[in-house]
Structure formats: C-alpha cells, structure tokens
Amino acid sequence: MKTEILKMLKNTEGYISGQELCEKLGVSRTAVWKAIRRLEEDGYEIDAVRNKGYHLKMVGDILSKEELESVIDTAWAGSRVLYFDETDSTNNVIKREAEQGAPHGTLAVSDYQSGGKGRRGRVWKSPHGVGIWMSLLVRPKLRPAAAPMLTLLSALAAADAIREVTGLDSLIKWPNDVVISGKKVCGILTEMSSEAEQIYYVVPGIGINVNTESFPEDIADVATSIYLETGRRVRRSPIVAAFLRAYEKYYDLFMKHQDMTDLLDLYNSRLANRDRGVRVLDPENAYTGTARGINKDGELLVETEDGKIHRVNSGEVSVRGIYGYV
Ligand code: BTN
C-alpha cells in the first residue's frame, strides 16, 4: 500500500485528499494516515493540510522497495523488486533466487554490499548511500556461446541511463565498463548458469558510482562518480528506472537475432575506444592496434599496423588503452 500511496502522491501536482486515497485503495483513513507516517519516516517530506489532504513536497535520494516500485515503469525488467539496506552481493542474491525458481526480470538492489564482487575475482567497494548496486535475473533462450553479448547490453543500458538522467557524455570501454571523461563510473559483472546446450539463467550485476565523493588513491586516476563529474548530488532511483527501460528495450532487440545486429551502430557510437590505440592482452601474443568497433557477434575489431583486422573475444582477453585507461 505504501507503494500505491507514493505513486498517487507523485502523480498529483497539488493535494490529494485522504478521502480519495481511501476510496482508491479501499482502506480506512487510519490505514492511509499510518502509511503516510511510514513514508515520512523513510525520508519523504509530505505536507498534510486539513480539508486539502496530502502533498509530496520533496523526495531526496531515497532507495527502498517502495521508491523503486514507484519509479519502475517497464514491462518485465524489474517486475519483481528485492531491496536490501545491506547484503553480501546482489549477484549472490539473484543467483540464490534463481535457484529457487524466481522469474525472469527479478531485480535485486542493495544500498550496501559487504562482499561486492568485481571481475577477475576483484573486490567491488560498495559503500552505503552513494551507489547503485543491482543485479537482474534473465532467463534467455539462447546458445551459451552468445551469452557474453548480454554483458554488452548492460553496458549500453547503463551508459544510456546515466546519459538520460544526468546529461553526461557517458561512453563504453569495450566490452562493458562505462566511462565519463575517460574514467570508470560503472562496472558490470555478468554471471551465468548453463550446460553445454542451454542457459538456465544469466545475472548481469551493475555497479554505478553515483554520489561517491572520493576514491582511494590507488584508483583515483581511473575511477569517477556522477557527483564528481557534475558537482551535484543525484537521486539514484530514476537511474535504476532508466537503466531498466533501456535494458528491456535492448534485450528484446538483441533476442530477435540473438546477436548485436540491431544494436551495432548504437554500441559503436558509444564506444570510447573507437579509433584509439589499444593493447590486446592476449596471453599467447599481446599486440597493439587501433580499435575499429564491434561486429555483430560483439567482438572488438582491432586493426594492426599491417592493415590486418583481428577479432577480439571478450571472454578470452582484455584490452587496455595505450595512453591511459581507455
Ligand atoms: C567490475 O568492473 O569489475 C565489475 C563490477 C560489478 C559490481 C556490481 S555491484 C552489483 C553487483 N553485485 C556484485 O557483487 N557485483 C556487481
């Protein structure tokens, strides 16, 4: 009911009467009043005026199940929301849920992760109150070899969401870091459960540094946050909602061909490494070239000095900028 009241308050410009809330929700005045009190305890500023009703004055950067449900407007992505003030890792939450049969589109968001995971076994620092730490559950009917491409979709959707909400020029460092002014603002860890022929589920885990004020010295020159880029504090829930809108759109397009055909131009237009020097860290044979964009299979095309085009597969090797992080 809190979610319903919140939605109605958000959708009303002026005041909405207690009577109207009671009638629409089919509950008593006391029940409405109690829910309003609980919303105030969560941090919403609500004006209550006799004979006029209730008015939502201000929404701060509140992250809660009700707040997320009140902004999410997608058909399936985030159709079920699990919210935690604290958990080990939202990827672990979703994996546990998936094993219990949770539906496609389940979303887990946590304000803090005690065991946030990065790629290649690294730790992903996930402090309270400043970031978006979220994971989605998808159950694609897809050949397992195509799964790495899902990671490209997450990067595209995260870059879009940041762009839409903040206006910042967020780009992608192939395959799936989102960067602003050449520094990483978002990382993605995709985990999967599959057998040879079949995917059971995929968990894209997205970490966005939103209101982080500073980073430890060892990563300060490669990491950034939306706050550091704009000088403004930004609300997190609209970014989650924008991410889900973009992800749902791109996922549905991707599943049509089960490759990047319909997303190729968009992804390449967002590619920070495009036409830049890159070092391909192939364990057998590291080499340097110029990134030319991805192909429909999500591979990065790297042109070497001899004019040869190499296809780099994200699962196998990583790519570094020659002159910096990108
Ligand atoms: C990376 O760039 O190394 C990937 C970072 C991924 C972090 C996110 S935060 C939400 C989800 N839960 C995790 O434990 N990791 C991912």
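A backbone N or O atom of Lys 117 sits 2.7 Å from an oxygen atom of the ligand, which makes a polar contact (a pair of N or O atoms within 3.5 Å). This is a predicted model, so local features need pLDDT of at least 70 and side-chain atom pairs count only at pLDDT 80 or more, while totals for chains, interfaces and linings use all residues. Residues are numbered from 1 along each chain as its sequence is written, and side-chain values use heavy atoms, with hydrogens and water left out.

**Around the ligand**

- The side chain of Lys 184 has an N or O atom 2.6 Å from an oxygen atom of the ligand.
- Thr 90 brings a polar side-chain atom to 3.3 Å from a nitrogen atom of the ligand.
- On its own the ligand exposes 420 Å², and the protein buries 98% of that (Shrake-Rupley method, 1.4 Å probe).
- There are 20 residues around the ligand, and Ser 89, Gln 113, Lys 117, Arg 119 and Lys 184 come nearest (a residue is near if one of its heavy atoms lies within 4 Å).
- By class, that shell has 10 polar, 6 nonpolar and 4 charged residues, with Gly counted as polar and Asp, Glu, Lys and Arg as charged.
- Helix 5 (90-99), strand 5 (131-136), strand 8 (183-194) and strand 9 (199-209) each supply at least two shell residues.
- Strand 8 gives the most, with 4 residues.

- Strand 11 (residues 287-294) runs antiparallel to strand 12 over 4 bridges (pairing takes at least two DSSP bridges), and Ile 294 stands opposite Leu 300 in strand 12.
- Their hairpin has 5 residues between the strands, and Gly 298 in the turn has a positive phi of about 80°.
- Strand 12 also pairs with strand 13 (residues 309-312), antiparallel over 4 bridges, and Val 302 stands opposite His 310 in strand 13.
- In that hairpin, again with 5 residues between the strands, Gly 307 takes a positive phi near 85°.
- Strand 12 (residues 300-303) has Leu 300 and Val 302 on a covered face, and Leu 301 and Glu 303 on an uncovered one.
- In a regular strand, side chains alternate between the two faces of the sheet.

**The whole chain**

- The chain has 9 helices and 14 strands, taken as DSSP runs (helices H or I, at least four residues; strands E, at least two).
- Buried residues make up 52% of the 326 (under 20% relative accessible area, 1.4 Å probe, protein chains only).

How values were computed. Polar contact = N/O pair within 3.5 Å; in protein donor to acceptor, adjacent residues only side chain to side chain. Buried < 20%, exposed > 50% of the residue type's maximum accessible area, 1.4 Å probe, protein only.
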